[in-house]
Amino acid sequence: MALFRALFLALLAGAHAELPGCKIRVTSKALELVKQEGLRFLEQELENITIPDLRGREGHFYYNISEVKVTELQLTSSELHFQPEQELTLQITNASLGLRFRRQLLYWFLKVYDFLSTFITSGMRFLLNQQICPVLYHSGMVLLNSLLDTVPVRSPVDELVGIDYSLLKDPVASSNLDMDFRGAFFPLAEGNWSLPNRAVEPQLQEEERMVYVAFSEFFFDSAMESYFRAGALQLSLVGDEVPHDLDMLLRASYFGSIVLLSPAVIDSPLKLELRVTAPPRCTIKPSGTTISVTASVTIAMVPPSQPEVQLSSMIMDARLSAKMALRGKALRTQLDLRRFRIYSNQSALESLALIPLQAPLKAMLQIGVMPMLNERTWRGVQIPLPEGINFVREEVTNHAGFLTIGADLHFAKGLREVIEKNRPANARDAQAPSAPPASTAASTAAV
């Protein structure tokens with residue numbers, strides 16, 4: 001009975017589990033780049049640590065060591081790897097550093113150099129151990145977390161739509177680090193709205209590149225439905241906004257309707273309105289990515305200070321091809337109009353009468369509408385990467401129901417530059433150096 005109950009609960013949890021619209025895999029090949037940049041930052045942090053003075057008395061021996069500064073740090077052997085349940089592990093061995101400090105020593109007997117050297121070295125090691133461990137913890141937990149805080153989780157894309165990159169579960173660490181994100185767009189005016197994810201779950205199998213990103217059809221469907229709900233998928237051209245050749249063709253085609261309906265408006269401005277009637281849908285196949293759009297097309301005359309005179313209303317079906325690319329850390333899309341047809345929702349006879357309008361309307365879409373769409377889609381949407389890290393040398397692969405993009409990583413900014421920009425205020429205060437105590441003698445030593 002207990003086994004049956006556990007199985008039932010597991011199935012119930014699986015039935016309600018939310019599928020990811022976006023997945024990211026960071027492979028072990030990325031760790032060498034991350035390690036180099038991370039160790040460079042860590043060396044700079046350790047070189048800036050403040051070490052307290054060491055002073056006291058041992059019998060007839062009095063000592064005062066002050067103004068201790070790290071002058072050189074070498075982390076000669078280190079390893080960064082993914083580890084289950086710990087996600088990321090950094091191991092450093094055989095580290096060495098050089099120190100500069102002031103010393104004041106008083107003693108009343110001879111031949112004590114070996115004792116002093118051992119005593120000072122042991123004291124310095126004790127002080128360094130007291131300082132280095134907190135610096136390592138602070139760098140890993142506070143400063144690097146401030147870098148991770150630059151990863152967009154739920155942020156606006158533009159003035160109409162936002163993107164939600166919430167993690168759906170804890171990252172899974174093996175030889176790679178795999179992360180599942182919600183990957184859902186939403187209209188900013190309806191922050192609590194979400195599109196149910198019924199798409200195929202994206203899969204990541206590759207390990208050859210530094211990072212892989214997968215997007216399901218849901219990712220793109222949620223974007224198009226969000227813009228649809230925000231009222232962005234409509235276009236109205238009036239008067240001089242209608243291309244001249246198309247204006248003349250439409251007036252000639254509907255001359256009889258204009259005369260019958262209202263001869264007085266024959267010289268009035270022409271209006272052409274396109275309105276998407278349902279959220280467009282994305283289909284991803286190994287052969288390519290397409291977007292299907294259905295819209296209404298309304299043609300009317302708009303006499304000044306008078307009601308519009310509608311001449312015709314038709315349905316437009318269009319199919320667009322979409323090519324995806326990663327530039328920097330933005331997913332960009334280039335659209336191209338592939339198939340186009342118009343027909344009447346009133347009668348087959350009227351659909352035949354619309355055939356002469358097919359070519360000029362398609363040309364109008366290609367010349368006037370597609371550039372506006374591509375100007376927006378080529379701006380792209382940011383992928384959840386920390387600030388200062390970009391994708392380079394990307395490669396897009398289509399699958400059934402999802403696509404994957406493999407790429408390498410590049411630090412466009414130094415890790416210190418990004419962390420300093422986003423360093424918490426209290427962390428900046430903690431980094432302020434304190435004034436060293438006065439001393440009467442100076443020397444240089446290395447340990």
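Colleague: In which strand is the place of Arg 393?
Modeller: This is a predicted model. Arg 393 is a residue with a positive phi of about 55 degrees, although it is not a glycine. Its place is in residues 389-398, which is strand β18.

Colleague: Does Arg 393 count as buried or exposed?
Modeller: A residue is exposed when its relative accessible area is over 50%. Arg 393 has a relative accessible area of 55%, so Arg 393 is exposed.

Colleague: What is phi of Ser 305 near?
Modeller: Most residues other than glycine have a negative phi. Ser 305 is found in the loop between β14 and β15, and at 84% relative accessibility it counts as exposed. Its phi is positive although it is not a glycine, with a value near 60 degrees.

Colleague: What separates the C-alpha atoms of Pro 304 and Ser 268?
Modeller: Pro 304 has its place in the loop between β14 and β15, and it is exposed, with a relative accessible area of 63%. Pro 304 and Ser 268 are 36 residues apart along the chain. The separation of their C-alpha atoms is 7.6 Å.

Colleague: Is Glu 273 buried or exposed?
Modeller: The place of Glu 273 is in strand β12, residues 270-276. Leaving aside residues up to four places away in sequence, Glu 273 touches Leu 235, Ser 236, Ser 296, Val 297 and Thr 298. Buried means under 20% relative accessible area. Glu 273 has 19% relative accessibility, so it counts as buried.

Colleague: How far apart are the end C-alpha atoms of helix α4?
Modeller: Helix α4 covers residues 217-229, which makes 13 residues. At 1.5 Å a residue the helix should span 18 Å, and the distance between its end C-alpha atoms agrees, because that distance is 18 Å.

Colleague: At which residue does the kink in α8 lie?
Modeller: Helix α8 has 23 residues, 355-377, and should span 33 Å at 1.5 Å a residue; its end C-alpha atoms are 31 Å apart, which agrees. The kink is about 40 degrees and lies shortly before the proline Pro 371. The residue at the kink is Val 369.

Colleague: Which elements cover the buried residues of α8?
Modeller: The buried residues of α8 include Leu 357, Leu 361, Met 364 and Val 369. What covers the buried residues of α8 includes α4, β11, α5, β12, β15 and β16.

Colleague: Which element gives the most to the lining of the second largest pocket?
Modeller: The second largest pocket has a volume of about 1,100 Å³. Of its 41 lining residues, the closest to its centre are Leu 233, Leu 335, Leu 373, Arg 376 and Thr 377. At least two lining residues come from each of α4, β11, β12, β14, β15, β16 and α8. The element that gives the most, with eight residues, is α8.

Colleague: How many residues in the lining of the second largest pocket are nonpolar?
Modeller: By class, four residues of this lining are polar and six are charged. The nonpolar residues of the lining number 31.

Definitions and conventions
Residues numbered from 1 in each chain as written. Predicted model: local features only at pLDDT ≥ 70, side-chain atom pairs only at ≥ 80, totals over all residues. Heavy atoms only, no water. Helix = DSSP H or I, 4+ residues; strand = E, 2+ residues; numbered from the N terminus. Expected span 1.5 Å × (residues − 1). Buried < 20%, exposed > 50% of the residue type's maximum accessible area, 1.4 Å probe, protein only. Contact = heavy atoms within 4.5 Å. Bend = angle between axes of the 7 residues up to and from the residue. 1 Å grid on protein atoms, 1.4 Å probe; cavity = no way out; pocket = protein on both sides within 12 Å on 5 of 7 lines; lining within 4 Å. Points joined across faces, edges and corners; volume = space filled by probe spheres on them. Nonpolar A, V, L, I, M, F, W, Y, C, P; charged D, E, K, R; others polar.
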